[in-house]
Amino acid sequence: MTFAKENYEIKDKVLVFRPNSDSLLINEAKRKGFNTILLDSSNDSSWTFDYDAHWNCYGHEKAAIQVSDFLKLILISNYFMYFSSFINVISIKQIFVND
């Protein structure tokens, strides 16, 4: 994580952790400034095959939905932050123009 932080812009990077990942690792990633997603499989049937720990199609689908939802929240949040700052600039200009 230190290498990535020192060599890359991390504010637009998201580390995705599989369900039941080590909370110490996730907390360290957050402390270093990474955005994180901890996938949640608690309300679902098994994400893995019976014979090994690889995800099945269902697991991949559920992971994709959760990552997609997270990214949509970021986009919406950034849009509203940009839009609200744009409105504030317009409001300030109107105050000075009207004086």
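Mentor: A residue is called buried when its relative accessible area is under 20%, exposed when it is over 50%, and partly exposed in between. Keep in mind that this is a predicted model.

Trainee: Is phenylalanine 49 buried, exposed or partly exposed?

Mentor: Phenylalanine 49 has a relative accessibility of 33%, so it counts as partly exposed. Tyrosine 51 reaches 65% and therefore counts as exposed. These two residues also form a stacked aromatic pair, with 5.3 Å centre to centre and 20° between the planes.

Trainee: How many aromatic pairs does a search of the whole structure find?

Mentor: The search finds 3 aromatic pairs. One of them joins tryptophan 47 and tryptophan 55 in an edge-to-face arrangement, 5.4 Å centre to centre with 85° between the planes. Planes over 60 degrees apart count as edge-to-face, which is why this pair is named that way. Tryptophan 47 and tryptophan 55 are both buried.

Trainee: Let us turn to confidence. Which elements have the lowest and the highest mean pLDDT?

Mentor: Helix H3, residues 57-98, has the lowest mean at 73, while helix H2, residues 23-31, has the highest at 94. For the protein, the mean pLDDT is 81, and 81% of the residues reach 70 or more.

Trainee: How should I read a salt bridge, and how many are there?

Mentor: In general, side chains of opposite charge can pair when their charged atoms come close. Here the count comes to 3 salt bridges. One of them is between lysine 13 and aspartate 12, at 2.9 Å from N to O. Lysine 13 is partly exposed because its relative accessibility is 35%, and aspartate 12 is exposed because its relative accessible area is 54%.

Trainee: Where is lysine 32 found, and is it buried or exposed?

Mentor: Lysine 32 is found in the loop between H2 and strand S2. Its relative accessibility is 18%, so it counts as buried. Not counting residues up to four places away in sequence, lysine 32 touches Thr2, Lys5 and Ile10.

Trainee: Which residues is leucine 15 in contact with, leaving aside its neighbours within four places in sequence?

Mentor: Leucine 15 is in contact with Met1, Ala29, Phe34, Asn35, Thr36 and Ile37. It lies in strand S1, residues 14-17. Leucine 15 and isoleucine 37 are 22 residues apart in sequence, but their C-alpha atoms are 6.4 Å apart in space. Leucine 15 counts as partly exposed, because its relative accessibility is 26%.

Trainee: What about the backbone? What is phi of asparagine 20 near?

Mentor: Phi of asparagine 20 is near 65°, a positive value in a residue other than glycine. Asparagine 20 sits in the loop between S1 and H2, and it is exposed because its relative accessible area is 77%.

Trainee: Which residues make a nonpolar surface patch?

Mentor: Ile76, Tyr79 and Phe80 make a nonpolar surface patch of about 340 Å². Tyrosine 79 is found in helix H3, and its relative accessible area of 49% makes it partly exposed.

Notes
Residues numbered from 1 in each chain as written. Predicted model: local features only at pLDDT ≥ 70, side-chain atom pairs only at ≥ 80, totals over all residues. Heavy atoms only, no water. Helix = DSSP H or I, 4+ residues; strand = E, 2+ residues; numbered from the N terminus. Buried < 20%, exposed > 50% of the residue type's maximum accessible area, 1.4 Å probe, protein only. Contact = heavy atoms within 4.5 Å. pLDDT = per-residue confidence, 0-100. Patch = residues over 30% accessible without salt bridge, like charges linked within 9 Å, V, L, I, M, F, W, Y side chains within 5 Å. Areas by Shrake-Rupley, 256 points an atom, 1.4 Å probe, with all protein chains shown as cover. Salt bridge = Lys/Arg side-chain N within 4 Å of Asp/Glu carboxyl O. Phe/Tyr/Trp six-rings, centres within 6.5 Å; stacked < 30°, edge-to-face > 60°.
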